[in-house]
Amino acid sequence: MAEARHAFQGHGWRPVAAERPAIRRVLTVVAVGFVALFILLPLAAVFAEALRKGVPAFLEAFTDEATLAAVQLTLLVAAIAVPANLVFGLAAAWAIAKFEFPGKSLLITLIDLPFSVSPVVSGLVFVLLFGSHGLFGEWLQANDVKIIFAVPGIVLATIFVTFPFIARELIPLMQEQGTSEEEAALTLGASGLRTFLTVTLPNVKWALLYGVLLCNARAMGEFGAVAVVSGHIRGLTNTMPLHVEILYNEYNFVGAFAVASLLAGLALVTLLAKSLLEWRYGDELAGAHRH
Amino acid sequence: MTAFALTGPASLRRAIAIAKPSALPGFGITFGFALAYLSLIVLIPLSLLVWRASGLGLGGLLGIATQPRVRAALETSFYLSFAAAALNAVFGLVIAWVLTRYTFPGRALIDAMVDLPFALPTAVAGIALAALYAPNGWVGFWLDAWFGLKVAFTPLGIFVALTFIGLPFVVRTVQPVIAELDREIEEASATLGASRFQTIARVILPTLVPAILTGFALAFARAVGEYGSVIFIAGNMPFVSEIAPLLIIVQLEEFNYAGATAIATIMLALSFATLFAINLTQAWSRRRLGHG
């Protein structure tokens with residue numbers, strides 16, 4: 001159908017349900033121009049600023065110990081937050097998609113809740129819980145446990161903001177797939193765990209990967225929530241995005257943009273992998289969504 | 001099926017009492033774990049915020065909200081988010097239309113890059129926009145030279161950052177609806193003598209309105225809470241270019257928990273009201289058009 005339309009256009013024939021070529025050109029230029037101005041240009045600026053003083057200066061930024069510590073902390077936080085939300089996503093999707101119970105749609109709404117909370121508020125709630133003036137503040141101080149201005153707070157805030165990513169990919173897909181395949185496996189004598197590992201998991205593997213990619217990108221890149229709970233202690237509680245802020249505020253622009261370019265690279269890899277998954281396995285991801 | 005329930009351990013039997021009987025195992029443990037994890041990470045911390053706010057009372061809450069600096073920050077966040085979401089509604093619609101209906105070289109690349117604001121860490125976007133729109137930046141220099149327009153470190157800079165962050169919400173909400181439009185209706189409209197403009201204005205746009213409104217609301221909700229991409233370009237001057245999320249952090253640094261809690265609660269209420277409006281819009285469009 002689409003091919004036929006374009007073939008006709010080649011001969012100066014225009015179907016009734018299409019705009020004039022001139023209008024098409026104008027709209028295309030407007031759309032591409034807007035994306036170029038607001039999205040491609042900032043992306044290009046990251047790499048241009050990082051390389052402004054040449055490759056050696058760019059590379060030197062990564063010899064800084066505080067920078068390396070920030071990279072390590074970011075990897076550590078993601079390595080805790082992503083698996084935690086992965087286990088939750090699988091458990092929630094199993095309970096929600098494979099069983100009928102009252103209050104299900106409320107539960108789905110509650111799982112999506114962190115997406116509608118400002119990152120700063122996400123950090124604030126943990127300060128209200130564990131900060132020095134918080135609910136458990138005195139108890140934590142008496143027992144010498146540090147959560148706020150320490151790694152546990154950063155991990156908690158990151159888990160909060162990345163909470164829905166994996167669950168929301170899995171739930172609609174597993175609901176669509178129903179329970180018949182699992183019932184067949186159980187009837188044939190497989191254990192519950194084996195049914196899950198050999199029937200359910202292979203059926204959702206691409207959606208799972210999709211959710212993990214998005215969850216990981218946000219976990220490594222989260223700024224607002226982490227900024228509230230971190231305390232910005234160099235070498236100890238600085239993740240990469242926080243380190244970008246510190247370097248930038250110290251007017252170390254090459255350093256800030258060098259670390260930023262690493263994060264931008266991560267974003268590009270995530271987008272590429274995401275597009276590949278949508279293109280190759282679109283049918284095996286949940287039907288309705290596109291982001 | 002019931003035999004399975006009866007032979008299971010006590011916890012399983014209790015869980016089965018919640019769920020309808022099923023041949024599949026594992027409801028009790030997965031439901032229990034999911035609910036416990038959800039409560040610990042999300043529900044308890046958020047209810048603590050609401051509980052703290054209720055301790056202030058409505059009078060206390062309003063008292064903080066109407067303090068000049070707080071009010072200025074809330075208004076800045078609200079109006080600029082509204083303006084940015086409105087700009088995105090217009091250009092997001094054009095982008096979604098062009099990406100769905102036309103073919104041109106680089107279409108797939110542009111389509112993929114629309115999601116960049118979802119994937120790019122906000123701090124990275126923030127310093128990149130600040131560098132671009134600074135007086136000596138690629139864009140800021142020319143805007144200043146040609147129009148005398150200063151963007152970075154003014155409210156206009158906040159507007160630019162909020163536009164960046166909100167664009168994919170509109171495009172990704174409208175795009176699937178355009179893809180599902182029935183072209184035969186457009187052809188029928190044209191056959192009945194409508195010009196292309198009339199068909200777009202009277203046939204296509206009314207069908208897209210719910211999706212555009214939803215995209216607008218999502219972009220707005222995100223923009224109101226946005227922090228990372230804004231603070232580098234905003235200048236952060238109290239009463240001029242200070243956004244509400246930043247003021248929460250300022251209050252926290254002064255150990256003014258009541259102030260931070262009050263602003264956070266107002267923002268939370270605003271985003272829930274937006275979500276509620278989205279749900280109403282979708283229910284309305286289902287009734288009117290017979291589909292979501």
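Two residues are in contact if their C-beta atoms, placed from the backbone, lie within 7 Å. The structure is a predicted model, in which local features need pLDDT of at least 70 and side-chain atom pairs count only at pLDDT 80 or more, while totals for chains, interfaces and linings use all residues. Residues are numbered from 1 along each chain as its sequence is written, and chains are lettered from A and ligands numbered from 1 in the order in which they are written.

Setting aside residues up to four places away in sequence, Leu271(A) touches Ala112(B), Asp115(B), Leu116(B) and Ala119(B). Leu271(A) belongs to helix 14 (residues 253–281) of chain A; helices (H or I, at least four residues) and strands (E, at least two) are DSSP runs, numbered from the N terminus. A residue is buried if 20 or more other C-beta atoms lie within 10 Å of its own, exposed if 12 or fewer, and partly exposed in between. Leu271(A) is buried because 20 other C-beta atoms lie within 10 Å. Between the C-alpha atoms of Leu271(A) and Leu214(A), which are 57 residues apart along the chain, the separation is 8.9 Å.

The interface between the chains can now be taken as a whole. In total, 75 residues of chain A are in contact with 83 residues of chain B. Helix 2 (residues 21–50) of chain A supplies 17 residues, the largest share of the side of chain A that touches chain B. That side comprises 55 nonpolar, 11 polar and nine charged residues, where Ala, Val, Leu, Ile, Met, Phe, Trp, Tyr, Cys and Pro count as nonpolar, Asp, Glu, Lys and Arg as charged, and the others, Gly among them, as polar. For the complex, the predictor gives an ipTM of 0.89 and a pTM of 0.90.

A nonpolar core is a set of buried Ala, Val, Leu, Ile, Met, Phe, Trp, Tyr and Cys residues joined through C-beta atoms within 7 Å. The largest such core has 177 residues, and those with the most contacts inside it are Leu124(A), Leu170(A), Ala260(A), Val124(B) and Ile127(B). Its largest share, 16 residues, comes from helix 4 (residues 65–98) of chain A. Domain 1 (1–59) and domain 2 (67–289) of chain B both give residues to this core, so it lies between them; these bounds come from an automatic or database domain assignment. Apart from neighbours within four places in sequence, Ala260(A) is in contact with Val46(A), Ala50(A), Val244(A), Val124(B) and Ile127(B).

Chain B itself contains 14 helices and zero strands. Its radius of gyration, taken over C-alpha atoms, is 24 Å. This is well over the 19 Å that the globule rule (2.2 Å times the number of residues to the power 0.38) gives for 292 residues, so chain B is more spread out than a compact globule. The C-alpha trace of chain B spans about 80 × 65 × 35 Å along its principal axes. Of the 292 residues of chain B, 48% count as buried.

The centres of domain 1 and domain 2 of chain B, taken over C-alpha atoms, are separated by 36 Å. Each of these domains of chain B gives five residues to the contact.

Chain B averages a pLDDT of 90, and 93% of the residues score at least 70. Over residues 1–7 of chain B, pLDDT stays under 50.

Technical notes: pLDDT = per-residue confidence, 0-100.
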